[in-house]
Amino acid sequence: MNEEMSHEIVLDVNGKVKRFSAPARRLLSDALRGDLGLTGTHVGCEHGVCGCCTVLIDDQPVRSCLTFAIAAQDRKIRTVEGLADADGKLHPVQAAFKECHALQCGFCTPGFLMTATALLEQRPDPDEEEITEAIAGNLCRCTGYQNIRAAIGHAVELMQSDI
Amino acid sequence: MTTRSFGKAVRRTEDLRLITGQGSFTDDAGPNALSLVMVRSPYANARVVSIDVSEAEQLNGVTAILTYEDLPGRLAEPLPLLIPHPSLSAPRTQHILAKDYVRYVGQSVVAIFAADRYIGEDAAERVIVEYEPKVAVVGIDGALGPNLVHDDVPRNVAADHSEHVGDVDSALAEAPHVLELDFEMERSMGSALEGRASHATWDRHSRKLRIQNATQTPTSVRFAVANILEIPDEQVEVFAIDVGGGFGTKVIHPWPEDILTAWGAMNYENSVKFTEDRVEHFISSSHERGQRHHAKVGFDEEGRLLGLDVDFVHDNGAYTPYGMIAPLITATQLPGPYRLPNYRVRFRSVYTNTVQVTPYRGAARPHAVFTMERTMDRIAAFLGIDRSEVRQRNFIQPDEFPYDLGMIFQDGRPAIYDSGDYPEMLNKALSMIEWDSFAERRSEAPPGKRRGIGVACYVEGTGLGPYEGGHVRVETGGKIQVSTGLASSGQGHHTVFAQIVADELGVPFEDVEVVTGDTRRFQYAVGTFASRAAVTSGNAVAEAARLVKEKAIALAADALEANPEDLEIVDGQVQVKGTPVRAIPLSQVAVLANPLRYSFSEAARAATQFAGNGSFDEPPIKPGEDPGLEATGWYSPIRATFASGTHAVEVEIDLATSEVEILRYCVVHDCGRIINPLIVEGQIHGGVAQGIAGALYEQLAYDEDGNLQNASFMDFLMPYCTEIPKIEIDHLETPSPLNPLGIKGAGEAGVIPVSAVIASAIEDAEGFEINQMPLFPSDLHSMRLASGREPA
């Protein structure tokens with residue numbers, strides 16, 4: 001009963017083209033985690049409020065739990081696995097999160113990292129209010145956010161000293 | 001000397017995998033596992049009349065559907081009562097799947113094993129359950145009313161417990177002043193961002209059941225599964241690699257899904273995974289904080305406490321798997337840092353048709369502190385003395401330790417405060433928040449706003465037993481492998497235990513690798529809760545490291561032909577004190593510690609049988625010795641150690657919106673010797689944030705039929721960064737005399753006094769009594785109207 005139709009889906013994730021087949025209702029979060037094995041993207045609420053599943057699609061932060069995988073074809077998807085350089089050098093946002101103790105259990109962290117990355121790409125020198133505004137859609141239950149804000153500020157410094 | 005890392009803000013070893021997407025949370029494994037999907041009760045109190053799974057079973061991709069009738073053997077019995085207590089006269093635990101009755105919205109009724117979650121949810125929609133609803137018992141008023149949750153539990157009372165010290169009746173009769181006060185706190189919950197999860201795989205070749213579980217206590221999962229499935233412990237391996245927050249919820253094993261995933265894996269010869277979704281977390285994982293207190297306090301003209309009589313009611317939800325631990329903690333932690341010669345407490349733990357209540361970070365201490373600290377504020381107001389002064393006059397003094405409360409704590413042992421300096425802590429907090437000059441700042445409040453200041457103190461029993469153990473092993477490659485049985489959910493255990501071992505053993509921090517919460521590595525443990533991990537496992541790994549050091553020095557003494565007393569270990573080398581040229585690396589000592597027949601490396605040749613080691617008069621392993629440079633250490637505390645703290649806050653209230661803004665939040669915290677200030681401060685930040693959440697934003701709102709109306713992050717207002725202020729922290733370190741490292745727990749501290757201190761500040765700003773938490777703008781607005789203190 002109810003055999004589901006499968007579709008060939010092609011996704012561009014972290015610069016690599018990935019093909020798999022899945023029903024049309026497969027969420028992008030589930031496709032990344034289950035079909036592509038990119039389990040760095042986490043699912044915290046499945047209704048778009050916690051921000052754990054945030055990935056970048058064409059450089060914009062998007063809730064992958066509210067996006068169908070099939071709808072993300074022909075777009076450039078970036079996940080936490082693609083943040084560091086190929087040689088393992090951490091992205092400044094990653095380095096800053098470690099330096100500032102901006103994570104505890106680490107479950108919400110990928111969502112914060114992707115959100116912060118998008119912010120710094122768009123606003124390389126954000127003020128405190130812009131930082132707060134940017135991450136105001138991501139929940140963290142462990143850190144109280146203080147060190148997350150500090151880390152994004154520190155990432156700005158790292159990026160500027162990198163140039 | 002090796003650079004000591006204890007006390008340093010060492011960056012965490014956990015972080016690299018977590019910031020690169022390489023963490024290993026339970027749901028990350030087993031992409032092809034069968035998905036366990038539960039059908040849950042939509043009624044709070046109902047008889048299950050019939051269940052029809054026939055249509056659901058027809059769906060492609062459905063492996064099996066179980067109801068209570070299908071459960072074999074011990075799976076059909078109620079889940080275990082984890083912590084019995086003599087006062088718990090009517091404990092009740094739920095069945096894995098509902099047997100005849102459901103008693104809360106969210107209770108598991110039917111289990112579906114399907115190819116994936118999507119198909120499982122399709123099937124769940126096709127399961128038809130007929131219920132005969134009964135009147136739901138909701139809230140403390142409901143519990144005290146005529147309707148019953150369990151027909152055989154009269155008055156809905158699970159436990160009625162009393163304790164006392166001194167003679168409260170006489171003290172209150174003779175007290176110059178007596179106040180009667182009422183305080184209430186509503187429900188919230190841990191809300192870890194990762195819900196409950198379990199992934200079980202049955203390996204039919206090795207006959208092992210391997211379980212990765214989002215747990216604070218893998219050994220509990222293991223023993224529960226082995227017992228209920230009636231298989232040997234040795235067949236069950238449980239591990240937690242990364243756990244996305246615990247906060248108490250993940251210590252209450254077994255959950256029905258823990259057992260069903262394991263049983264399903266064995267019976268369907270497959271991997272089975274359960275990953276809770278957010279709605280399920282709200283309606284089937286534990287809640288906490290629902291309590292109503294009545295306090296009667298007697299005091300003298302100076303504000304000194306003479307007697308305190310507290311009677312409170314604890315809403316334990318529909319079942320009591322964790323016994324009466326939460327209200328028992330309120331009862332014993334209520335006296336806080338004050339001398340209370342005459343104290344009596346009675347509580348009733350009552351059933352309601354709601355999700356079970358078990359400890360959530362802070363574990364019923366926030367209620368205790370709210371009651372005690374609000375009482376202290378009322379005494380101050382009554383006598384017209386400063387709130388800080390009434391506290392100073394009642395503090396237990398630094399020279400009074402050990403201070404025996406005369407009560408039995410949650411570990412079943414005497415509650416005896418081990419150390420602390422409460423007066424100094426309050427002084428530090430007052431000076432941080434600039435308490436004395438607040439009048440000036442109050443007068444500077446912008447038009448339409450009122451400012452207030454508050455202070456609250458607490459004492460927290462931490463680091464309780466029964467025990468933890470640790471294992472330290474020096475590998476011949478030079479790495480130091482450390483394991484302990486309790487699990488980690490963000491506390492930085494891998495880092496702090498490595499710091500401890502590095503210092504005790506004399507090796508570089510970077511060489512130490514720690515594994516927590518894996519029964520394959522360490523079989524005996526209790527778990528991560530009650531702010532106990534650093535104290536118990538910390539001291540256990542320290543002991544193990546000391547034993548390894550002793551063994552290494554004995555072996556090296558032979559090799560170096562030196563007196564053991566002349567040897568030390570520095571930077572991973574055993575050397576003659578003052579003569580570092582006579583040295584042997586620990587990795588080589590590890591080779592010598594394992595007499596070999598076969599050599600697998602150049603270094604190992606030194607330990608082979610023709611290498612000319614030892615005397616022919618003794619066996620290669622001498623009597624009483626073991627091969628390998630390794631040891632197991634244990635720490636079993638005589639009783640809990642008591643951490644403490646003082647919080648102070650300044651708030652500004654907008655009279656138009658009744659929104660409370662926190663202008664400054666200051667914490668003085670004493671957890672004994674600090675292993676890693678970065679991590680302790682992180683724990684405090686997170687705790688305070690959860691406290692603020694509970695004080696101003698979060699509530700679990702049940703309607704009269706027992707439906708949780710805000711079971712989503714859209715409606716349950718978990719704070720974002722926009723709601724949480726900067727938290728300023730100062731430390732006091734009074735070492736615990738109870739353990740060699742002098743440490744006390746820090747995990748829960750941040751949350752404990754937050755409701756009390758915010759209430760104190762709001763009351764100070766508004767001039768009317770604050771007796772309940774949480775406090776939303778609408779509540780505050782109504783109270784202001786009722787008080788007649790309308791804004792000008």
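1. A residue is called buried here if 20 or more other C-beta atoms lie within 10 Å of its own, exposed if 12 or fewer, and partly exposed in between, with C-beta atoms placed from the backbone. By that criterion, buried residues account for 59% of the 792 residues in chain B.

2. The model is a predicted one, in which local features need pLDDT of at least 70 and side-chain atom pairs count only at pLDDT 80 or more, while totals for chains, interfaces and linings use all residues. Residues are numbered from 1 along each chain as its sequence is written, and chains are lettered from A and ligands numbered from 1 in the order in which they are written.

3. Overall form of chain B. The radius of gyration, taken over C-alpha atoms, is 28 Å, which agrees with the value near 28 Å for a compact globule of 792 residues; the globule rule is 2.2 Å times the number of residues to the power 0.38. Along its principal axes, the C-alpha trace of chain B spans about 95 × 70 × 50 Å. Two residues are in contact if their C-beta atoms, placed from the backbone, lie within 7 Å. Of the contacts in chain B between residues at least 6 apart in sequence, 81% join residues at least 24 apart.

4. Helices (H or I, at least four residues) and strands (E, at least two) are DSSP runs, numbered from the N terminus. Chain B has 19 helices and 29 strands. Domain bounds come from an automatic or database domain assignment, which for chain B gives domain 1 (32-134 + 196-275), domain 2 (291-392 + 407-464 + 638-787) and domain 3 (465-635).

5. A sheet in chain B. Two strands pair if DSSP finds at least two bridges between them. An open sheet of 7 strands runs in the order β3-β5-β1-β12-β9-β10-β11 of chain B, with mixed pairing. Its edge strands, each pairing on one side only, are β3 (62-66) and β11 (236-239) of chain B. Neighbouring strands of this sheet are turned by 20 degrees against each other on average, direction ignored. Axes are lines fitted to C-alpha atoms, for helices over the stretch in contact, and angles run from 0 to 180 degrees between N-to-C directions.

6. Pairing and packing on this sheet. Strands β9 (residues 197-203) and β12 (residues 271-275) of chain B pair in the antiparallel sense over 5 bridges; B:V272 in β12(B) is the bridge partner of B:A200. Helix α3 (residues 117-126) of chain B packs on the sheet and touches β1 (34-40), β3 and β5 (108-114) of chain B, its direction making about 30 degrees with that of β1(B). Helix α6 (residues 218-229) of chain B also packs on the sheet, touching β10 (208-213) and β11 of chain B, and its direction makes about 155 degrees with that of β11(B).

7. Contact between chains. In total, 44 residues of chain B are in contact with 48 residues of chain A. On the chain B side, α1 (15-19) and α17 (677-697) each supply at least two residues, and α17(B) gives the most, with 6 residues. That side of chain B divides into 19 nonpolar, 16 polar and 9 charged residues. For these classes, Ala, Val, Leu, Ile, Met, Phe, Trp, Tyr, Cys and Pro count as nonpolar, Asp, Glu, Lys and Arg as charged, and the others, Gly among them, as polar.
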